[in-house]
Amino acid sequence: MASKLIHAIYSDDDLLMQAVKQIKGAHYHIAEVYTPFPVHGLDKAVGLAPTRIAITSFLYGLVGLTVAVLMMDFMMIQDWPQNIGGKPSFHFYENMPAFIPIMFELTVFFAAHLMVITFYMRSKLWPFKKPENPDIRTTDDHFMVEIDASNHNVDKMTKFLYDTGAAEIKLIENN
Amino acid sequence: MSSHYEAPIREPLVTGDKSYHDVSVEIAAPIEGRANKSWWIVFSIALVAFLWGLGCIIYTVSTGIGVWGLNKTIGWAWDITNFVWWVGIGHAGTLISAVLLLFRQKWRMAVNRSAEAMTIFAVVQAGLFPIIHMGRPWLAYWVLPIPNQFGSLWVNFNSPLLWDVFAISTYLSVSLVFWWTGLLPDFAMIRDRATKPFQKKIYTLLSFGWSGRVKDWQRFEEVSLVLAGLATPLVLSVHTIVSFDFATSVVPGWHSTIFPPYFVAGAIFSGFAMVQTLLLIMRKVVNLEDYITVLHIEYMNKVIILTGGIVSVAYITEFFIGWYSGSPYENYTYLSWGAATGPYWWAFWALITCNFIVPLSLWVKKLRRNIMWTFVVALIINTGMWFERFNIIVVDLSHGRTPSSWAMFSPTFVDIGVFIGTIGFFFVLFLLYARTFPVIAQAEVKTILKSSGEKYKKLRAEHGDEVSHVDSDPTAKEPASNIREDLTEQFDEENPEHEDTVNADAITLSEVQKERLDEMLSRVGVYDPKTQEAGDLTKLKAVGPLLQQRLHQVGLYTFDQVSKLEERDFELLNELIDRFPNAEKREDWVAQATKLKNK
């Protein structure tokens with residue numbers, strides 16, 4: 001973590017968007033942005049790479065489908081190929097219409113849950129996790145930009161941030 | 001900023017001059033406050049109903065299914081009726097949060113949280129019935145394909161009842177994580193507002209350490225979107241699978257290919273009716289009329305019209321096909337002349353009236369924007385949809401292929417008791433939820449505030465679409481000073497128009513309050529020390545010397561004045577005077593003062 005950080009607090013999302021663009025324009029390094037709600041387009045303005053979580057979900061869905069097919073093929077066709085109400089149990093495909101509901105459900109089940117778990121792991125969210133937003137107002141109606149201030153003139157930066165409309169500017173030193 | 005532009009034809013979704021902070025405060029209010037008396041009354045009733053139902057369940061399981069009104073012909077009646085009814089109710093929640101998200105409907109934001117809660121709680125109720133209607137529920141775990149000591153004896157994957165197990169458990173668990181993930185930012189908001197350490201601890205635990213980083217939000221939105229994309233086919237599949245319980249059978253009236261879409265439409269129909277029932281009460285009880293507006297109610301009524309129409313078309317189709325098939329057995333199915341005139345005619349006509357005829361009234365704009373009428377229609381639809389399932393199950397079973405096994409069904413008190421118990425349990429959960437969870441997704445409502453909030457729509461109407469939405473005075477608010485603007489406005493010292501018996505300058509905060517004070521004094525009369533004598537106000541209940549002094553400050557000296565005070569005056573005094581006694585403590589000052597002034 002940078003040894004010197006500046007916390008600039010904004011009270012409006014439009015102002016924040018504008019400020020983030022200006023800060024990026026001035027080539028300061030934005031370490032983090034905390035907002036109370038999703039500000040659309042902010043991730044692009046900050047320059048974040050798109051998330052790949054949807055791709056993982058697709059892969060997990062394939063896993064679910066595979067599990068369903070292998071499970072039902074083994075249990076219904078390989079292990080106990082019985083005659084239940086005249087349903088054909090010689091090959092998987094012969095009785096596949098009856099397997100489709102569960103194939104579908106397991107695909108959704110795996111895709112949904114494993115993606116959510118991935119999200120929780122990647123974003124480091126779990127029941128006993130301590131919240132890390134530096135100012136509690138950022139979950140209510142304030143927006144905070146955390147900027148790396150090491151190797152910069154703090155006064156000049158402060159003046160610059162003030163001009164972007166920051167309501168509060170704080171210097172944080174980590175030793 | 002033009003990014004907040006919205007067509008002026010659209011009505012605002014958030015009424016009142018709301019800022020982001022107002023949204024937080026109003027949504028956190030029911031959680032931070034204490035439950036009132038009516039909450040406790042309703043909660044107790046629900047709890048009693050739940051316990052009664054629990055008793056009935058224990059009685060059933062320990063004595064046997066024979067305590068229900070089932071017979072050899074009719075093996076499914078109230079149990080599966082209630083199961084399908086509850087599952088159906090749950091569907092609106094997912095529809096609102098998932099399907100409407102895919103369609104980018106902004107109005108869902110105010111209702112999705114509660115609709116999702118309703119889903120979860122309704123599916124929990126539904127989930128009870130597949131267990132308790134078993135003859136040997138302690139062997140219920142045999143429905144799971146677990147390796148075992150019987151040579152690994154598996155389940156039969158051909159049965160829709162097994163598909164139900166997978167469908168319902170997937171539906172419940174996916175709905176739960178969808179709901180919970182959406183709750184994280186809102187729990188975080190409550191956590192950061194909490195002042196009591198215990199509350200802080202609980203909401204820290206519940207919010208999973210949510211910090212609102214930009215990356216978190218990016219992932220959060222993607223996860224929500226993908227979950228919505230998964231939940232939409234899920235919600236269609238779950239009720240489809242439930243309908244397979246009937247549609248894949250050979251029973252006349254059950255064996256029907258129209259069931260899957262028709263059941264789903266019916267589920268959304270009944271689900272929205274239940275959402276209306278709950279939200280109409282909730283908006284009133286927790287003061288969220290600014291978020292759940294008449295517009296929301298109208299939109300939901302439009303969905304009810306649509307799905308009700310689909311269901312009606314399905315009724316007509318069933319009726320037609322029953323006749324068109326030429327099969328004599330179809331004449332005793334739940335939608336046939338046989339049903340309309342047979343022993344269950346009342347159930348048939350209840351279905352037609354409640355689901356077909358009454359909802360047609362919502363085509364009238366005045367009626368679908370009428371809150372009372374909406375509530376009545378919603379209750380009628382809930383009843384009607386119960387009858388729909390009852391008819392499908394019981395009427396079709398009662399007159400099967402063999403006349404020698406024709407039978408009638410009548411429920412016992414245990415059947416009814418279990419159903420009442422689930423209603424009680426549902427409300428126990430919902431009432432607890434309404435007091436501990438943020439009932440509106442505040443993080444989502446805040447994203448539409450600038451495009452759909454009344455304040456900003458007015459701004460655009462007055463100053464054109466290119467007007468800036470930036471809060472003009474960003475520096476005014478310090479952490480602790482989140483007070484209403486009109487209260488912090490400074491007092492003008494050089495205002496000459498002020499009664500000289502009033503020394504309110506020290507306590508009034510704004511011009512508005514001063515004006516209200518003057519208005520009050522002109523109504524109750526101004527005290528003139530030359531001609532009048534001040535009464536001993538400490539004779540009033542809860543008035544001590546200090547409060548008397550304060551009352552003098554605002555110009556109240558005589559009992560005559562106090563006797564003329566009105567409710568709004570008390571509100572004003574409450575604002576002006578520190579630790580002004582509440583209505584209970586001051587009891588009836590007006591009556592006391594009327595008595596004292598005549599002495």
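At 0% relative accessibility, Gln125(B) counts as buried, where buried means under 20% relative accessible area, exposed over 50% and partly exposed in between, with a 1.4 Å probe and protein chains only. The model is a predicted one, in which local features need pLDDT of at least 70 and side-chain atom pairs count only at pLDDT 80 or more, while totals for chains, interfaces and linings use all residues. Residues are numbered from 1 along each chain as its sequence is written, chains are lettered from A and ligands numbered from 1 in the order in which they are written, and side-chain values use heavy atoms, with hydrogens and water left out.

Gln125(B) is part of helix α4 (residues 112-132) of chain B; helices (H or I, at least four residues) and strands (E, at least two) are DSSP runs, numbered from the N terminus. With neighbours within four places in sequence left aside, Gln125(B) is in contact with Trp86(B), Thr422(B), Phe425(B), Phe426(B) and Leu429(B), contact meaning heavy atoms within 4.5 Å.

Chain B as a whole contains 23 helices and zero strands. The C-alpha trace of chain B spans about 100 × 60 × 55 Å along its principal axes. Of the 599 residues in chain B, 54% are buried. Among the contacts in chain B with a separation of 6 or more, 76% are between residues 24 or more positions apart.

Two helix pairs of chain B were examined. The axes of helix α3 (residues 78-102) of chain B and helix α5 (residues 160-193) of chain B come within 12 Å and cross at roughly 40°. Axes are lines fitted to C-alpha atoms, for helices over the stretch in contact, and angles run from 0 to 180 degrees between N-to-C directions. α3(B) and α5(B) are therefore oblique to each other, given that angles under 35 degrees count as roughly parallel, over 145 as roughly antiparallel, 65 to 115 as roughly perpendicular and the rest as oblique. The crossing of this pair is left-handed, a term for a near helix turned anticlockwise from the far one by less than a right angle, with clockwise being right-handed. On the α3(B) side the contact is made by Phe83(B), Val87(B), Gly90(B), His91(B), Thr94(B), Ser97(B) and Ala98(B), and on the α5(B) side by Asp164(B), Ile168(B), Tyr171(B), Ser175(B) and Phe178(B). By class, the contact of α3(B) with α5(B) has six nonpolar, five polar and one charged residues; Ala, Val, Leu, Ile, Met, Phe, Trp, Tyr, Cys and Pro count as nonpolar, Asp, Glu, Lys and Arg as charged, and the others, Gly among them, as polar.

In the second pair, helix α9 (residues 294-324) of chain B packs with helix α13 (residues 371-398) of chain B at an angle of about 30°, with the axes 12 Å apart. α9(B) and α13(B) are therefore roughly parallel to each other, and their crossing is left-handed. Val294(B), Ile297(B), Asn301(B), Ile304(B), Val311(B) and Tyr315(B) of α9(B) make the contact with Ile371(B), Thr374(B), Ile381(B), Met385(B) and Glu388(B) of α13(B). The residues of the contact of α9(B) with α13(B) comprise eight nonpolar, two polar and one charged.

Helix α13 of chain B also holds Ser398(B), which is buried at a relative accessible area of 1%. Beyond neighbours within four places in sequence, Ser398(B) is in contact with Thr73(B), Ile74(B), Tyr344(B), Trp406(B) and Ala407(B). Ser398(B) and Leu335(B) are 63 residues apart in sequence and 13 Å apart in space, C-alpha to C-alpha. Ala340(B), in helix α10 (residues 337-341) of chain B, is buried at 5% relative accessibility. The C-alpha atoms of Ala340(B) and Ile297(B), 43 residues apart along the chain, are separated by 34 Å. With neighbours within four places in sequence left aside, Ala340(B) is in contact with Trp345(B), Phe348(B) and Trp349(B).

In chain A, Ser57(A) lies in helix α3 (residues 53-79) and is buried, with a relative accessible area of 4%. Apart from neighbours within four places in sequence, Ser57(A) is in contact with Ala111(A), Met115(A), Val226(B) and Leu230(B).

Most residues other than glycine have a negative phi. His27(A), which is not a glycine, has a positive phi near 60°; His27(A) is in the loop between α1 (13-25) and β2 (30-34) of chain A and is exposed, at 68% relative accessible area. Asn151(A), also not a glycine, has a positive phi of about 70°. Asn151(A) sits in the loop between β3 (143-148) and α5 (154-163) of chain A and counts as exposed at 78% relative accessibility.
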